[in-house]
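Here is a short briefing to read alongside the structure. Have a look at the model first, and then we can walk through it together.

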Amino acid sequence: MKYIEFGIGNRWLVRTETEKPDGTETEARGIIGPVKCRSLYIRVWIRRTVWILDSQDGFKKATKPRNQFKVIFGIRSEL
């Protein structure tokens, strides 16, 4: 699965995070193609609470172990 993200809070303004089937993740600056859009999402992370609105999965709320501030628009893509 690939996540192409635009917004503040990550290392780069535009990045691609790739999750491989073995569970490892890699992060790269910019958009790494090809992009096969599976869903669109908005992620708002304030302190330890994360709200995610996903076009396929709907609304989710999660708690994370670290404090962050992020506002991200993303595309979830197939590998």
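With which side chain does the side chain of Arg43 make a polar contact? The partner is the side chain of Glu5, at 3.3 Å. Please keep in mind that this is a predicted model.

- Arg43 sits in strand S4.
- Its relative accessible area is 18%, so Arg43 counts as buried, the cut-off being under 20%.
- Setting aside neighbours within four places in sequence, Arg43 is in contact with Glu5, Val50, Trp51, Ile52, Lys70, Val71 and Ile72.

**The nonpolar core**
- Five residues form the largest nonpolar core: Tyr3, Tyr41, Trp45, Val50 and Ile52.
- Strand S4, residues 37-54, supplies the largest share of this core, with four residues.
- In soluble globular proteins, nonpolar side chains tend to be buried together.
- Ile52, one of the core residues, also touches Arg43.

**The chain as a whole**
- The protein chain has five strands and zero helices, giving the pattern β-β-β-β-β along the sequence.
- Its radius of gyration is 12 Å, which agrees with the value near 12 Å for a compact globule with 79 residues.
- Along the principal axes, the C-alpha trace spans about 30 × 25 × 25 Å.
- Of the 79 residues, 30% are buried.
- Among contacts with a separation of 6 or more, 46% join residues 24 or more positions apart.
- The accessible surface is about 5,200 Å², and carbon and sulfur atoms account for 57% of that surface.

Terms used: Residues numbered from 1 in each chain as written. Predicted model: local features only at pLDDT ≥ 70, side-chain atom pairs only at ≥ 80, totals over all residues. Heavy atoms only, no water. Core = buried A, V, L, I, M, F, W, Y, C linked by side-chain atoms within 4.5 Å. Buried < 20%, exposed > 50% of the residue type's maximum accessible area, 1.4 Å probe, protein only. Helix = DSSP H or I, 4+ residues; strand = E, 2+ residues; numbered from the N terminus. Contact = heavy atoms within 4.5 Å. Polar contact = N/O pair within 3.5 Å; in protein donor to acceptor, adjacent residues only side chain to side chain. Rg over C-alpha atoms; globule rule 2.2 N^0.38 Å. Areas by Shrake-Rupley, 256 points an atom, 1.4 Å probe, with all protein chains shown as cover.
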